[in-house]
Amino acid sequence: MTHALIVDDDIDSVATLQELIASEKFTVSVAHTLRDARRHIALQQPDVVLLDLQLPDGNGMELFQDPQLVANSEVVLITGHASLDTSIQALRLGAADYLVKPINIKQLQGVLSRVMKPAALQAEVSELNANLANTGHFGLLWGRTQPMQRIYEQISRVAGTSVSVFINGESGTGKELVAQTVHDLSRRRKKPFLAVNCGAISPNLIESEIFGHEKGAFTGADKQHEGFFERASGGTLFLDELTEMPMELQVKLLRVLETGRFMRVGSTTTLDADVRVIAASNRPLLQAVQAGKLREDLLYRLNVFPIEMPPLRDRLDDVPLLADHFLRQIAAKEGKNKRFTAKALAQLQTYHWPGNVRELRNAVQRAYVMAVADVVDEQWLPKGEGADPQSTAASAAAVTSLGGGVPAAAPAPAFVTAAETSGPSITMPLGSSMAQVEKAFILATLQHYKHHKEQTAAVLGISLKTLYNRLKEYAAEDAAAADKAEQ
């Protein structure tokens with residue numbers, strides 16, 4: 001049977017906790033001091049340690065001072081109040097989760113149902129890292145370059161914990177894949193992973209979609225509806241484009257994160273939220289706070305463990321690997337194998353990829369369709385402006401010498417300095433806010449591409465939905481300014 005050790009000096013609390021844990025088919029032992037805890041662990045290594053912070057002979061965190069003592073045990077902190085500091089400290093020391101007194105029965109059951117020896121999780125991560133050189137991927141993510149190695153290291157560190165993660169990066173960089181990989185390597189993997197694009201849901205419906213609603217809560221609510229928090233119970237909820245969530249709903253989300261409870265729309269009954277939240281945004285986070293698109297307190301509550309996704313232009317060595325991966329995926333679906341020429345792979349590395357990995361996949365899909373033979377050449381692939389044909393040929397030779405694999409050194413992207421460019425540009429005075437710069441740049445880019453929104457979004461590296469939201473905001477701002485001027 002799975003064994004649990006309770007380390008707490010509160011007799012009444014221990015008795016209740018012991019009974020609850022035993023009812024979950026665990027064997028239970030109790031220690032009231034750090035000294036007793038060390039003795040119990042030496043006698044029988046527990047699968048899970050429920051550790052109170054305040055003990056007669058010191059702070060519960062002191063158990064972590066001997067790494068070998070709890071290396072094979074999952075540690076769950078018991079604290080009188082949840083705080084950001086507690087979360088960060090627990091993460092750094094290796095705790096898997098924490099419970100807030102008075103302990104909620106359902107939350108405790110959720111924690112116990114996810115008990116997994118740290119060694120088992122570490123073994124999975126070690127296997128992924130060991131196979132990375134051969135397979136080129138880590139979970140759902142592909143790439144061998146240094147920026148991606150850093151992402152893998154961060155995922156390995158945070159996946160086994162319960163802390164909130166905030167993923168930031170341009171559209172198309174793979175933020176949802178990072179969230180899914182974190183979930184797949186966590187103790188919550190057997191429960192649902194639900195992804196919600198906050199910018200794709202109507203502001204009038206998003207609260208009902210996230211928290212659910214009762215029958216008759218509003219016009220058209222003809223039956224009870226479970227929201228994402230209920231459907232993801234025990235698992236992970238990924239909130240993409242969080243900065244597009246209405247500010248009034250951000251307040252309610254913050255309350256759920258702090259209390260672990262929520263209410264359906266039209267209900268007065270609170271429900272438990274046993275969900276790990278991972279958020280993402282393509283906006284710079286501090287800029288979003290300054291622009292009034294993200295609550296500062298919500299940012300700090302979610303941004304316990306930040307992950308910054310690199311744009312594809314910063315890891316061009318990964319382009320051939322990714323392109324081959326996408327080509328194999330498409331071929332498996334279409335039923336006909338095709339392969340890239342060395343020149344085609346080299347040409348892909350001369351392009352700047354404003355739409356990142358998503359744009360690369362679309363380019364491979366189009367090239368696959370247009371290729372008449374079994375070989376995909378460079379004819380239908382994007383080409384970087386000002387790309388040197390000799391440089392492309394040299395890169396192709398490098399690809400060929402490596403048997404069609406990743407070239408030893410990718411050609412640098414073609415950057416154009418201000419003195420070299422002959423295209424249109426905009427100038428902003430010093431002292432302009434980031435929001436003002438963003439607005440001017442988006443509107444100028446839209447005008448340059450003759451109001452072709454899909455092309456504008458791709459060049460800016462944002463989703464089409466995000467572009468529509470920005471344009472709607474700017475129209476509302478201009479209308480408000482015009483009304484004010486008339487008064």
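Where is the place of histidine 451? In this predicted model, histidine 451 sits in the loop between helix H17 (434–448) and helix H18 (453–460). The legends below go through the close-up views in turn.

**View 1. Histidine 451 in the loop between H17 and H18.** The phi angle of histidine 451 is near 60 degrees, a positive value in a residue other than glycine. Most residues other than glycine have a negative phi. Histidine 451 counts as exposed, at 52% relative accessibility.

**View 2. Asparagine 356 in helix H15 (residues 356–370).** Asparagine 356 also has a phi near 60 degrees, which is positive although the residue is not glycine. Is asparagine 356 buried or exposed? With a relative accessible area of 0%, asparagine 356 is buried.

**View 3. The open sheet with the strand order E2-E1-E3-E6-E7.** Five strands make up this sheet, and their pairing is parallel. Strand E2 (26–31) and strand E7 (97–100) are at the edges; each has a single partner strand, so one side of each is left without a neighbour in the sheet. From one strand to the next, the twist averages 20 degrees. Helix H4 (residues 105–113) lies across E2, E3, E6 and E7, and runs at about 165 degrees to E7.

**View 4. Strand E3 (residues 48–52) and its pairing with strand E1 and strand E6.** On one side of the pairing, strand E1 (residues 2–7) runs parallel to E3 and is joined to it by four bridges. Alanine 4 has valine 48 of E3 as its bridge partner. Strand E6 (residues 74–79) pairs with E3 in the parallel sense over five bridges. Valine 48 stands opposite glutamate 74 in E6, and leucine 51 has leucine 77 of E6 as its bridge partner.

**View 5. The side chains of strand E3.** In a regular strand the side chains alternate between the two faces of the sheet. Val48, Leu50 and Asp52 point one way from E3, while Val49 and Leu51 point the other way. How many of the five residues of E3 are buried? Five of its five residues are buried, and E3 is mostly covered.

**View 6. The open sheet with the strand order E11-E12-E15-E10-E16.** This sheet has five strands with parallel pairing. E11 and strand E16 (305–308) stand at its edges with a single partner strand each, so one side of each is left without a neighbour in the sheet. The twist averages 20 degrees from one strand to the next. Strand E10 (residues 165–168) and E15 run parallel and are joined by four bridges. Asparagine 168 has serine 281 of E15 as its bridge partner. Helix H6 (residues 146–158) lies across E10, E15 and E16, at about 160 degrees to E16.

**View 7. The largest nonpolar core, with 30 residues.** In soluble globular proteins, nonpolar side chains tend to be buried together. The residues with the most contacts inside this core are Phe229, Leu237, Leu239, Leu242 and Met245. Among the elements that give two or more residues to the core are strand E11 (193–197), strand E12 (236–240) and strand E15 (276–281).

**View 8. Leucine 242 and its contacts.** Its neighbours within four places in sequence are left aside here. Leucine 242 is then in contact with Phe166, Cys198, Gln250, Leu253, Ala279, Ala280, Leu294, Leu298 and Leu302.

**View 9. The largest cavity, with a volume of about 100 Å³.** Rolling a probe the size of a water molecule over the atoms shows where empty space is left. How many cavities of 30 Å³ or more does a search of the whole structure find? The search finds three. The largest cavity is lined by 13 residues. Of these, Ala96, Asp97, Arg114, Ser162 and Arg187 lie nearest its centre.

Definitions and conventions:
Residues numbered from 1 in each chain as written. Predicted model: local features only at pLDDT ≥ 70, side-chain atom pairs only at ≥ 80, totals over all residues. Heavy atoms only, no water. Pairing = 2+ DSSP bridges. Axes fitted to C-alpha atoms, helices over the stretch in contact; angles between N-to-C directions. Contact = heavy atoms within 4.5 Å. Core = buried A, V, L, I, M, F, W, Y, C linked by side-chain atoms within 4.5 Å. Buried < 20%, exposed > 50% of the residue type's maximum accessible area, 1.4 Å probe, protein only. 1 Å grid on protein atoms, 1.4 Å probe; cavity = no way out; pocket = protein on both sides within 12 Å on 5 of 7 lines; lining within 4 Å. Points joined across faces, edges and corners; volume = space filled by probe spheres on them.
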